[in-house]
Amino acid sequence: MKIETKCLHSGYTPKNTEPRVVPIVQSTTYVYDSTDDVAAVFDDPTKSLIYSRFENPTVMAVEEKINALEGGIGAMCTSSGQAASLLSLLNILKAGDSFISTATIYGGTINLFAFTLKKLGVECIFVDADASEEEIQKAFKPNTKAVFGETLANPALSIFDIEKFAKIAHKNGVPLIIDNTFPTPVLCRPFEFGADIVVHSTTKYMDGHAVQGGGVIVDSGNFDWTNGKFPEFTEPDESYHGTIYTKAYGKAAYIVKARMQLMRDFGCYPAAQSAFYLNLGLETLPLRMKQYCENALTVAKFLEANDKVESVNYPALESDKYHDLAKKYLPDGTSGVISFVIKGGRSTAVKFMDSLKLASNEVHVADIRTCVLHPASATHRQLTDEQLVAAGINGGLIRLSVGLENIDDILDDLKAGFAAI
């Protein structure tokens, strides 16, 4: 990002005006040379900046970085991961449409899909991620417009078979949308396995320090929106001067439409300050992900050997049912998040967690600090017993997000928790 600077006393303009860090452009507004220039930007917002509800130079610098990490054609940041998931689908769906999602996803996303979108006339059809292609195919309807899944499910820690679902989605002429929050592009790049759209809650590992909320949508540019199922991309948009997105923007039709149409109307764009903090997290992401994985694998092996633990979900373990898929999609590690079932059910799980000192009991995950959560009491509290089972959750399940503290300190804290029960 180039920024012109000038010495106020001498009038001298330095030749090297590239800042060492991404600058914070703390402005809601951009000035134009003429009324015609303003009109031209409203005709085609890719020509310049319009307003901070759409775009901001600081945020755009971060969008470009995340897009490069995922290998896409364009990205758009949002104010939260939930906003990213919502807009990624509303960019495709309208009242009367349906989409398919795996059941093993984040509880808040289940609520968004099963209840809030239902109120808007959009149906979500939940399927078992481990079902056969034939069984999943039965869930498709003539009005099905997308397939959604999480690379690494929160908190079930099951691995989504991207290639299988990409094959099914494309067979039915619809895009595959992947929530890649836990792996980040450091551990998995879903576009390389056939995914079309990727979303993240940047609040998690990308930020890493629990200082700001955010999300992002990344477009691969690979899906053919002209296949006849998506007229909103191939017919004039009456809300934007009759723009035909596929004609005007080609492979970038999806992400440009998301910004021009949805971000314009919903305005859930992050602040420049938030993007600045997010960028700081991105700069250490590869180093942090490596250490998260190392610490978590050590903890997972410790839990697996503990006689007070009923089961451990961590795909990097050789005993895990998703280990083969982990070797395929996540060969460099499966993040720092572990879920495990403690013997004794809900009451024992709560007592164990409340006895921890180093690990924080909080509604967060993927932080530099170790933290724990009881999903059935918190993130998935709104689900029915049947939905909890479908999401891979029971009363004794604990989500443990292993941080970057000294591994011996983390293990000592867990040992103290087990001693308390």
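1. Overall form. The model under discussion is a predicted one, and the protein in it contains 16 helices and 12 strands. Its radius of gyration is 23 Å, close to the 22 Å that the globule rule gives for 421 residues, so the protein is as compact as a globular protein of that length. Taken along the principal axes, the box filled by the C-alpha atoms is roughly 75 × 65 × 35 Å.

2. The sheet of 7 strands. This sheet is open, its pairing is mixed, and the strands follow the order β1-β7-β6-β5-β4-β2-β3. The edges are taken by β1 (74–78) and β3 (123–127), each of which has a single partner strand, so that one side of each is left without a neighbour in the sheet. On average, and with direction ignored, neighbouring strands of this sheet are turned by 20° against each other.

3. Strand β6 (residues 197–201) and strand β7 (residues 215–219) run antiparallel and are joined by 5 bridges, and valine 199 stands opposite isoleucine 217 in β7. Helix α2 (residues 57–70) lies across β1, β6 and β7, and the direction of this helix is at about 125° to β1.

4. The sheet of 5 strands. A further open sheet, again with mixed pairing, has the strand order β8-β9-β12-β11-β10. Here β8 (309–313) and β10 (360–361) stand at the edges with a single partner strand each, and therefore one side of each lacks a neighbour in the sheet. Between strand β11 (residues 371–373) and strand β12 (residues 397–401), which run antiparallel, there are 3 bridges, and valine 372 stands opposite leucine 400 in β12.

5. Helix α12 (residues 285–304) lies across β8, β9 (337–342) and β12, and runs at about 10° to β9. Helix α14 (residues 345–354), by comparison, lies across β9, β10, β11 and β12, and runs at about 130° to β9.

6. The contact of α11 with α12. How do these two helices lie relative to each other, given that their axes cross at roughly 60°? The axes of helix α11 (residues 272–283) and α12 come within 5 Å, and with that crossing angle the two helices are oblique to each other. Gly281, Leu282 and Glu283 of α11 make the contact with Leu285, Pro286 and Arg288 of α12, and these residues divide into 3 nonpolar, 1 polar and 2 charged.

7. The contact of α12 with α16. The axes of α12 and helix α16 (residues 407–419) come within 10 Å and cross at roughly 30°; since angles under 35 degrees count as roughly parallel, the two helices are described as roughly parallel to each other. Their crossing is right-handed. On the α12 side the residues are Asn295, Thr298, Val299, Phe302 and Leu303, and these meet Ile407, Ile410, Leu411, Leu414, Lys415 and Phe418 in α16. By class, this contact has 8 nonpolar, 2 polar and 1 charged residues.

8. Points to check by eye.

Notes
Residues are numbered from 1 along each chain as its sequence is written. This is a predicted model: local features need pLDDT of at least 70, side-chain atom pairs count only at pLDDT 80 or more; totals for chains, interfaces and linings use all residues. Side-chain values use heavy atoms; hydrogens and water are left out. Two strands pair if DSSP finds at least two bridges between them. Helices (H or I, at least four residues) and strands (E, at least two) are DSSP runs, numbered from the N terminus. Contact means heavy atoms within 4.5 Å. Axes are lines fitted to C-alpha atoms, for helices over the stretch in contact, and angles run from 0 to 180 degrees between N-to-C directions. Angles under 35 degrees count as roughly parallel, over 145 as roughly antiparallel, 65 to 115 as roughly perpendicular and the rest as oblique. Ala, Val, Leu, Ile, Met, Phe, Trp, Tyr, Cys and Pro count as nonpolar, Asp, Glu, Lys and Arg as charged, and the others, Gly among them, as polar. A crossing is left-handed if the near helix is turned anticlockwise from the far one by less than a right angle, and right-handed if clockwise. The radius of gyration is taken over C-alpha atoms; the globule rule is 2.2 Å times the number of residues to the power 0.38.
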